[in-house]
Amino acid sequence: MDYLDDIKEEIKVLKQSNKLIIVEGKKDVASLKELGLKNVRQLSGPLFGTIESIEDREIVLLTDLDAEGKKLYSSLKRQLDRRGVKIDNSLRDLLFKTRLSHIEGLSHYLKKNGNI
């Protein structure tokens, strides 16, 4: 379970960097804010509207890890790539090593397993 330390470290890095984190819904935002992340935005309205509103050159795209979330991630990434926005997948890649499938459960998961 070394990856739990890696996840905690990555969250710490994200707090310091204040990179924009895009998530799917309100509960995802709440979970990440509970972990101390502040620059979190939920998808709302048409996807192109969210994509066009992103002015950052690098963001974290943290859709759910289930089939629907993977499809959404792929679509968003493709469109963001076209706009020259780099995606930081560090946390997402670590989360695939867990049993977590929904971002809204991240704070609970870490409190239960990672002593946060």
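Reader: What covers the buried residues of α4?
Author: This is a predicted model. In it, the cover over the buried residues of α4 includes α3 (47–53), β3, β4 and α5 (90–95).

Reader: Which residues of α4 are buried?
Author: They are G69, L72, Y73, S75, L76 and L80.

Reader: How far apart are the end C-alpha atoms of α4?
Author: They are 23 Å apart. Helix α4 has 16 residues (67–82), and at 1.5 Å a residue it should span 22 Å, so the two values agree.

Reader: And what is the phi of G84, which follows α4?
Author: The phi of G84 is positive, near 80°.

Reader: Turning to the sheet, in what order do the strands lie?
Author: The order is β2-β1-β3-β4, in an open sheet of four strands with parallel pairing. At the edges are β2 (40–42) and β4 (86–87), each of which pairs on one side only.

Reader: How many bridges join β3 and β4?
Author: Two bridges join β3 (residues 58–61) to β4, in the parallel sense. Opposite E58 stands K86 of β4.

Reader: Which strands does α2 lie across?
Author: Helix α2 (residues 26–34) lies across β1 (20–23) and β2, and runs at about 170° to β2.

Reader: At what angle do the axes of α2 and α6 cross?
Author: They cross at roughly 40° and come within 7 Å, α6 being residues 106–113. Because of that angle, α2 is oblique to α6.

Reader: Which residues make that contact?
Author: From α2 they are S31, L32 and E34, and from α6 they are L106, S107 and K111. Two of these contact residues are nonpolar, two polar and two charged.

Note on methods
Residues are numbered from 1 along each chain as its sequence is written. This is a predicted model: local features need pLDDT of at least 70, side-chain atom pairs count only at pLDDT 80 or more; totals for chains, interfaces and linings use all residues. Side-chain values use heavy atoms; hydrogens and water are left out. Two strands pair if DSSP finds at least two bridges between them. Contact means heavy atoms within 4.5 Å. Axes are lines fitted to C-alpha atoms, for helices over the stretch in contact, and angles run from 0 to 180 degrees between N-to-C directions. Angles under 35 degrees count as roughly parallel, over 145 as roughly antiparallel, 65 to 115 as roughly perpendicular and the rest as oblique. Ala, Val, Leu, Ile, Met, Phe, Trp, Tyr, Cys and Pro count as nonpolar, Asp, Glu, Lys and Arg as charged, and the others, Gly among them, as polar. The expected span of a helix is 1.5 Å times one less than its number of residues. Buried means under 20% relative accessible area, exposed over 50%, partly exposed in between (1.4 Å probe, protein chains only).
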